[in-house]
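Work through the exercises below with the sequence and the 3D structure at hand. Each task is followed by a solution in steps.

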Amino acid sequence: MRNNLKTYPVFTALPDAVNTLLSEQLPSTLYQHLVSYCQKIECLTEGLSNQNFVLYCPTATPITDFPQAFVLRVNDNQASWCHREDEVFAWQQAAAQNIAPRLYFHSQGFEVYLSQYIQQDTQWQQYYQEYGIKTYRKQTLSLFSSTTKPVDLLLSLLTQLGQLPLPQKHVCYQQQWQQYQHTLADYYQSIVQHAPIDNVGGDKSNHQDDWLKCYQKLQQITPHCLLWFKALDACLLHPSFCHRDLTPFNVLLQSINPIDVASNETIDTQALVCIDFEYSAASHPLFDLATIIATHQLSAEQVNYLKSRYFNWQFNQPTPKLTTEAIACVDQAVNCYWVFACMWTLLIASKGRFEYLDYFEHYFELIDLSSI
C-alpha cells in the first residue's frame, strides 16, 4: 500500500518527485519512523548523478539502532557510468570496516539510499587543492600541529580500502581511457558530420567550437597517455579495491570516542571515512594514492612521507600488489588522474553543461607532458 505523506508537513521541504519516491519505496517501518520523528530536512548536495538531503530525527526513538540523522540520497537513473550493484557492494564492504557511513537501506532498483549522517566539526573538503607533478606545494592541513598526523589518517584510509574484497567491476587505466574515448568520439562525430573539422565556426555554436578545440588538444597527447599506461601496467602485480574518487569532497573527518579499558576513560581520537562509491572498482592501487596526491593540500614533505609509508606497507604485504618499480610511476598516475579529469569535463560539456570547459583548460595545464 502506498504511504501517505500529506499528513506530515516536514516532508514538504523535499521536492515533490522525491516525496513521492519515498512514499513508494521505503518499507513501512522505516517510513513511519521518519514521518514520526523527522523534525528538519536540509539539502546537503546536488551532484550530477544524485541529490542528497539530511533528515534530522533528534528525538529519542524506540528503534535504538537508528541514528539521529540520516542522509537521503536519490539517484539519477541516467547515470550510465555507475553500476549501482557494485556501488552498494563496495559501500557495504567499507562500512563493515568502519571506513564508510552505515547504509541502512537501498531500494530494490537503487533509486533511494538511506545512510548514516556523520557530523563533522571540521569539513575535510576545505583541504581540496589541485596539484600537478610540478605544482609548487607549501600548504599543509592546518587542523593538525603535527605534519604527519593528516598523512597517517590518509594512509590508514588507503590501506584499509586496499584490503577490502574486490568488486565485480574491474577497470584498468587503459580501459577507463578507452571508455571515455569512445563516448567522446561519438559526440565528436555528431557535431562534425555536417561541417568539416577545420571549418571552425560556421553553423556550429561557439560552445561546440570550444569543445572541438579541447577535444583535439586531448587527442594530441594520446602517445604520452599510452606510455603512461604501459608503465603503470608493468608495475602492477594484482588489482586491489579502489575507491577511484578519493578527493577531499568524498572524505569525512569523524570524531571517535572509545573507552579505554584500563582507565575506563573516554579517548578523543579521529579517523577518516569515505563516501560516494559510484566509481569503485578492482583497479590499479596507484589510482587512489595519486588522487590524494593530486587533490589534497599536502606539503612536499607530507607527500614524500605518504609515499614512503604507503610503499613500505605495499611491499610488506603477504601478497604484494605492486612491484618496486611502482615508486617511479606515481608521477604517471598523477598525470592520468588529470587526463581523466579533462575527459570527464568534456563528457559533462557534451551534455550541454559547457561551463565545464573552463575546468578542462585548468586541468590540462596540470598534466606534465615531460613525464614519460
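**Exercise 1. Locate Asp 276, state whether it is buried or exposed or in between, and give its phi.**

Step 1. Asp 276 sits in the loop between β8 and β9. Helices (H or I, at least four residues) and strands (E, at least two) are DSSP runs, numbered from the N terminus.

Step 2. The relative accessible area of Asp 276 is 22%, so this residue is partly exposed. Buried means under 20% relative accessible area, exposed over 50%, and partly exposed in between (1.4 Å probe, protein chains only).

Step 3. Asp 276 is not a glycine, yet its phi is positive, near 65°. Most residues other than glycine have a negative phi.

The model is predicted: local features need pLDDT of at least 70, side-chain atom pairs count only at pLDDT 80 or more, and totals for chains, interfaces and linings use all residues. Residues are numbered from 1 along each chain as its sequence is written, and side-chain values use heavy atoms, with hydrogens and water left out.

**Exercise 2. Which residues have the most contacts inside the largest nonpolar core?**

Step 1. A nonpolar core is a set of buried Ala, Val, Leu, Ile, Met, Phe, Trp, Tyr and Cys residues joined through side-chain atoms within 4.5 Å.

Step 2. The largest such core has 85 residues, and Trp 211, Leu 286 and Phe 340 have the most contacts inside it. Helix α10 (residues 330-349) gives the most to this core, 14 residues.

Step 3. Apart from this core lies another, of 20 residues, including Leu 21, Leu 55, Phe 70 and Leu 114.

Step 4. Look around Trp 211. Contact means heavy atoms within 4.5 Å. Neighbours within four places in sequence aside, Trp 211 is in contact with Leu 184, Tyr 187, Tyr 188, Ile 191, Leu 346, Ala 349, Ser 350 and Leu 357.

**Exercise 3. How are helix α5 (residues 173-192) and helix α6 (residues 206-219) arranged?**

Step 1. Their axes come within 11 Å and cross at roughly 135°. Axes are lines fitted to C-alpha atoms, for helices over the stretch in contact, and angles run from 0 to 180 degrees between N-to-C directions.

Step 2. The helices α5 and α6 are therefore oblique to each other. Angles under 35 degrees count as roughly parallel, over 145 as roughly antiparallel, 65 to 115 as roughly perpendicular and the rest as oblique.

Step 3. Among the residues that meet are Leu 184, Tyr 187 and Tyr 188 in α5 and Trp 211 and Leu 212 in α6.

**Exercise 4. Where is His 284, and what does it touch?**

Step 1. His 284 lies in the loop between β9 (281-283) and α8 (286-295).

Step 2. With a relative accessible area of 3%, His 284 is buried.

Step 3. Not counting residues up to four places away in sequence, His 284 touches Tyr 173, Leu 232, Cys 235, Leu 236, Cys 242 and Leu 322.

Step 4. The C-alpha atoms of His 284 and His 238 are separated by 7.8 Å, and the two residues are 46 apart along the chain.
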